[in-house]
Amino acid sequence: MNKKEGNNKRGGSRPNSTRPSSNKPKPAMAKRAQGPKKAKPTTDDATAKRTPKPAKAVQNNVPKPLKSDDIRLNKYISNSGACSRRDADIYIQSGNVKVNNIVITEMGYKVKPGDVVNFDGSVLTPERKEYIVLNKPKNFTTSNEDDADHRNVLELVRAATNAKIQPIGRMDKNTTGLLLFTNDTDMVRKFSLPNQKSTKIYQVTLDKNLKFEDLEKIAGGVTLDGHKLYVDEISYIENEPKTEIGLKLRTPNVKVVRAIFESFKYDVLRIDRVSFAGLTKKNLPRGNWRFLTEQEIINLKNV
C-alpha cells in the first residue's frame with residue numbers, strides 16, 4: 001500500500017503543482033464522498049476477508065501436535081518390538097489387536113497418548129528407538145549359540161541401553177569393523193534384504209599379492225553358487241602392499257567377501273568393515289560404540 005500511495009503522490013502532485021487547482025478538487029471530493037457509501041455494504045465482506053488469515057494460521061498449527069503425539073497403530077506395534085509393521089497389519093486385519101479393549105481392524109488407525117494397546121493377548125509398551133554403531137574387535141561373534149571360546153557382541157554394548165537391540169547382519173569372530181545395533185525391526189529387516197541399495201566397504205588382507213588380472217575379473221563380477229554377484233568397486237589400497245584390498249559391495253552377507261577371494265585361490269587373513277551405508281569408523285576406536293546422530297538415522301532410513 002505504501003508503494004502505491006507513493007506512486008500516486010508522484011503521479012498526481014507534480015501535474016497539479018504546475019496547474020491552478022480550479023474544478024479538479026470537486027470531482028476528487030465527489031469520489032471520496034462516494035467512497036463511504038460503497039464501503040458500508042462491503043464492511044462485512046472486508047471483515048470476512050480479514051478473518052481467513054488468522055484461521056489459516058490456526059489450521060497450520062493444529063496438525064503439528066497430532067503428528068508428534070498420535071501414532072499409527074502398526075507403527076506403535078512395531079515400536080514395541082513385537083513384529084514388523086507389515087506383520088502388524090496382518091494381525092490388525094485378523095482382529096488380534098485391541099485399543100482400549102475395542103477390537104481395531106481399521107488400517108491407518110492412530111493411537112493417542114494414554115491408549116492401551118493389546119496385541120495378541122498382551123499389553124504393549126513401545127520402546128524408544130535406539131541406534132548404536134560398534135567398531136567390533138576380533139573374537140566376538142553375532143551368533144546366539146553358546147561358545148566358551150568366544151563372546152557375543154551384545155556384551156560390548158550392554159551398557160548403552162536397556163532396549164532389546166540386535167545386530168543388523170552377522171559377523172564371524174574374525175571379522176572386525178562397523179556393526180549396527182537397533183531395536184527398530186523395520187530397519188533390521190530393510191538391511192537384511194538381499195537386494196540392498198546401501199554399500200559396505202571392506203579392507204581385506206590376503207595371504208599373497210592380488211594379481212591385477214584377478215582384480216579385473218573380480219571387478220567384472222563373480223559367480224558364486226550359480227548366482228552372479230556384482231562388485232561396485234575393488235582396488236589396491238594406496239601406499240599398502242598388494243595384499244591389502246579395498247572392496248565395495250551392496251550385499252549384507254560378510255561371508256561373501258571371503259568367498260570372492262577364495263574362489264580365486266587366495267586365503268583371506270583379515271576382513272575389516274570400514275564403512276556401512278555411509279557410516280564410518282572415524283573417531284571410533286576398536287571395541288568402542290556410540291549412538292547415531294539424528295541426521296545419520298534419517299540418512300539410513302532414506303537409503
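Mentor: The lining of the largest cavity consists of R72, L73, N74, D89, I92, E106, M107, G108 and Y109. A cavity here is a set of points on a 1 Å grid over the protein atoms alone where a 1.4 Å probe fits but cannot get out, and lining residues have an atom within 4 Å of a point. Bear in mind that this is a predicted model, where local features need pLDDT of at least 70 and side-chain atom pairs 80 or more, while totals for chains, interfaces and linings use all residues. Residues are numbered from 1 along each chain as its sequence is written, and side-chain values use heavy atoms, without hydrogens or water.

Two helices (DSSP runs of H or I, at least four residues), α6 (73-79) and α7 (85-93), each contribute at least two residues to this lining. By type, the lining splits into four nonpolar, two polar and three charged residues; Gly counts as polar and Tyr as nonpolar. The largest cavity holds about 40 Å³ of space, and the structure has one cavity of 30 Å³ or more.

From there, let's turn to the charged side chains elsewhere. The whole structure contains eight salt bridges, each a side-chain nitrogen of Lys or Arg within 4 Å of a carboxyl oxygen of Asp or Glu. One of them joins R250 to D232, with the closest N and O atoms 3.0 Å apart. This pair links distant parts of the chain, 18 residues apart: R250 sits in the loop between β16 (244-249) and α10, and D232 in the loop between β14 (227-229) and β15 (233-236). R250 is partly exposed at 33% relative accessible area, and D232 is partly exposed too, at 35%; buried means under 20%, exposed over 50%, and partly exposed in between.

Another salt bridge brings R286 and D272 together at 3.0 Å, N to O. R286 lies in the loop between β18 (279-280) and β19 (289-291) and D272 in strand β17 (residues 268-276), so the pair ties together parts 14 residues apart in sequence. Here D272 is buried, at 3% relative accessibility, whereas R286 is partly exposed at 39%. K281 joins D272 and R286 in a network of salt bridges.

Finally, R290 and E296 meet in a salt bridge at 2.9 Å, N to O. R290 is partly exposed, at 23%, while E296 counts as buried, at 18%.

Definitions and conventions
1 Å grid on protein atoms, 1.4 Å probe; cavity = no way out; pocket = protein on both sides within 12 Å on 5 of 7 lines; lining within 4 Å. Points joined across faces, edges and corners; volume = space filled by probe spheres on them. Buried < 20%, exposed > 50% of the residue type's maximum accessible area, 1.4 Å probe, protein only.
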